[in-house]
Amino acid sequence: MDHQPKFFENLSGTGKAIGVLTSGGDAQGMNAAVRAVVRMGIYVKAKVYFVYEGYQGMVDGGDNIVEVSWESVSSILQVGGTVIGSARCKSFRTREGRLQAAYNLVQRGITNLCVIGGDGSLTGANLFREEWSGLLEELAQKGKIDEEAVKKYAYLNIVGMVGSIDNDFCGTDMTIGTDSALHRIIEVVDAIMTTAQSHQRTFVLEVMGRHCGYLALVSALACGADWVFIPEYPPEEGWEDSMCVKLSENRARKKRLNIIIVAEGAIDCHNKPITSEKVKDLVVQRLGFDTRVTILGHVQRGGTPSAFDRILASRMGVEAVLALLEATPATPACVVSLSGNQAVRLPLMECVQMTQEVQKAMDEGRFVEAVRLRGRSFENNLNTYKLLSQKKPDAELPKVRTNFNVAVLNVGAPAAGMNAAVRAAVRVGITEGHKMFAVIDGFEGFARGKIKEISWGDVGGWTGQGGSILGTKRTLPAKYLEKIADQMRTNGINALMVIGGFEAYESCLQLHEARSRFEEFCVPICVLPATISNNVPGTDFSIGADTALNAIVETCDRIKQSASGTKRRVFIIETMGGYCGYLANMGALAAGADAAYIFEEQFDIRELQANVEHLTEKMKTSIQRGLVLRNENCNENYTTDFIYQLYSEEGKGVFDCRKNVLGHMQQGGAPSPFDRNFGTKISAKAMQWISKKLKETYRKGKVFANTDDSVCLLGMRRRNLVFQPVAELKTETDFVHRIPKEQWWLKLRPLMKILAKYKTSYDVSDSGQLEHVAMHSPKEAETGAI
């Protein structure tokens with residue numbers, strides 16, 4: 001980056017008052033957003049007020065609008081719902097109600113509002129902002145406030161954050177609460193699958209989402225459902241026959257269960273509702289299958305927020321305060337949201353209008369348009385689901401069998417989501433007309449000839465399985481090159497998909513470098529990053545890191561609870577990750593830790609001493625517990641034991657200490673919805689790239705690919721998925737410590753420190769520009785977005 005860093009120290013909140021409220025339906029992660037707004041507000045020396053019970057509290061005033069302190073938001077990060085309450089408010093819809101609300105805010109000098117809610121709540125906030133000066137004039141005429149107050153509080157700034165499990169707001173890839181709702185759905189589906197299998201049952205699951213099919217679509221992708229009904233993509237005429245044929249075909253293939261997912265707003269192409277009961281009756285009447293309906297209901301809104309939602313909400317909360325500090329009377333009300341992996345600001349009303357356009361398109365039967373308006377993420381999910389859910393009849397497969405043989409293998413340590421990626425690769429490969437081969441036990445197995453053809457049905461039910469079903473080894477191919485080349489020749493392998501961590505990347509570099517000696521390696525090769533450490537160059541996220549992060553955060557929550565009970569206790573927790581501090585840093589941000597020691601940010605004894613002093617001060621407040629995370633390789637001398645002993649000695653008489661090494665529990669477990677979805681989507685995309693490369697490099701009856709761009713790593717970079725030649729990534733890699741030289745998440749490090757009450761500087765160069773809601777072309781959905 002050649003821009004000059006811009007730090008927020010020059011943005012002072014002195015003399016400003018910020019009100020924060022949650023409105024509309026609750027969503028997990030709202031509390032994390034409230035906490036971030038309060039702490040960032042106090043950090044920049046602004047006054048921060050809770051507005052209890054949403055707009056109702058603003059209208060009622062009194063004890064509903066209260067100034068808060070740093071400690072007021074302690075221990076709420078891990079709590080679902082919203083601790084400041086939310087209520088539907090009829091009176092705010094009237095001008096009298098808004099007049100009363102304006103009076104209550106002016107009394108406390110609040111002219112900055114942070115509203116966390118859905119599109120209805122945000123539209124209401126925008127109207128309030130537009131009317132503000134008129135409302136103040138009216139209050140002055142009625143003698144309720146003086147002319148000086150009218151001048152002093154002349155304009156109201158509004159920043160919105162979208163808190164909604166439905167993910168129905170245009171302009172943002174993920175709303176706060178969506179990921180947690182998917183966690184709840186997937187937990188239920190995984191549990192139902194075991195009982196359904198026992199009895200050979202069909203289950204019809206109804207999920208929430210109002211008029212948006214996002215939850216239904218992504219959970220169908222994440223559990224490999226047989227059929228899904230969503231409002232944006234109604235089934236074609238005669239869907240009843242197609243569905244029943246598919247269900248009975250699956251049974252004939254020895255599949256013991258069927259899962260059908262119905263969004264609560266599902267409709268047919270005539271805009272008539274499709275209910276879960278209707279689907280059940282149809283299956284029973286036509287097929288006679290033992291069928292049950294499960295309506296998930298408000299379970300989806302409950303429970304603790306996922307790691308993703310906590311980090312998203314914390315990032316958005318801090319961004320919202322920065323947006324309020326920078327706002328001028330000319331700035332339109334904005335929404336802070338997420339595009340890919342980047343925080344962006346968008347004009348609130350543009351987003352609202354586009355969200356309403358989707359509903360209009362659906363009402364008018366323009367369903368293709370509705371899907372496009374939902375955004376590129378939604379469109380990609382739908383296209384991937386269509387690719388994977390139904391095996392095309394042989395007649396519809398590519399007329400000329402490509403006769404290309406594509407092998408898939410796992411390399412490195414196991415990571416949750418690897419199996420979802422293998423499943424997607426196999427199914428998309430078969431659809432593209434290739435013969436798919438599975439290699440058992442990585443390159444070691446490859447050298448020994450452990451390779452077999454794998455069919456569509458073989459990978460059924462793999463999405464939700466943790467670990468690596470194919471088996472994986474850390475062995476690099478260098479010492480087996482000749483044997484691997486033999487196996488590739490014997491089995492006629494024309495392309496490779498390598499799914500794994502840093503070893504997978506290094507392996508493909510070795511194969512690339514061995515091309516001059518072995519022509520067999522002159523084939524398209526694609527690496528998919530899959531490791532809990534998230535240390536692969538060329539990508540912001542790796543398959544498996546989200547699952548590991550959730551395991552860490554869940555454990556930290558329990559440990560914090562234990563520490564709160566005993567009072568004055570500090571826990572030192574060691575995380576995995578090799579030399580990469582991603583898990584320690586992001587785990588600390590999501591769990592509300594006091595410090596995180598990582599290799600990328602060198603520290604010395606003075607910093608350890610400062611942390612001990614910081615915790616000593618903290619023990620004097622009402623929050624009498626501490627949580628410190630340490631990456632396993634952050635420093636060879638300051639080990640977990642050393643830090644534990646230092647804290648124990650220095651904290652004598654003030655706090656006692658415990659340590660906890662999390663170990664391999666971070667590698668196991670069922671994959672999170674994010675990892676299932678991410679693995680599935682990038683694998684499908686990689687297989688399409690392989691097909692394209694095979695066609696390009698097929699000459700005179702054989703595949704010959706020897707250019708740098710035929711060995712690529714598919715990664716997510718900021719907002720897009722990009723194929724990058726591994727040879728080009730070499731310059732970005734620190735091979736000694738097995739990490740990328742530059743890592744995006746280090747920019748979030750100050751965020752963790754600010755929320756733990758440390759003075760620090762925070763580069764805000766990336767934020768601050770108000771963008772516009774981009775209408776994307778259908779082509780864009782194919783190319784870049786995730």
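**Exercise 1.** How many bridges join E18 to strand E21 (residues 656-661), and in which sense do the two run?

*Solution.* Start with the count: 6 bridges join E18 to E21, and the two strands run parallel. (Strands here are DSSP runs of at least two residues, numbered from the N terminus; two strands pair if DSSP finds at least two bridges between them.) Next, pick a residue: Ile572 has Lys659 as its bridge partner in E21.

A quick note on the model: it is predicted, with local features needing pLDDT of at least 70, side-chain atom pairs counting only at pLDDT 80 or more, and totals for chains, interfaces and linings using all residues. Residues are numbered from 1 along each chain as its sequence is written, and side-chain values use heavy atoms, leaving out hydrogens and water.

**Exercise 2.** Which residue of E20 is the bridge partner of Ile572, and what is the order of the strands in the open sheet?

*Solution.* Look at E20 (residues 625-631) now: this strand pairs with E18 in the parallel sense over 7 bridges. Within E20, Val628 is the partner of Ile572, while Leu629 is that of Ile573. Put together, the open sheet has 4 strands in the order E19-E20-E18-E21, with parallel pairing.

**Exercise 3.** Are the residues of E18 buried or exposed?

*Solution.* Take one side: Arg569, Phe571, Ile573 and Thr575 point one way. Then the other: Val570, Ile572 and Glu574 point the other way. All of them are buried (under 20% relative accessible area with a 1.4 Å probe, protein chains only; exposed is over 50%, partly exposed in between).
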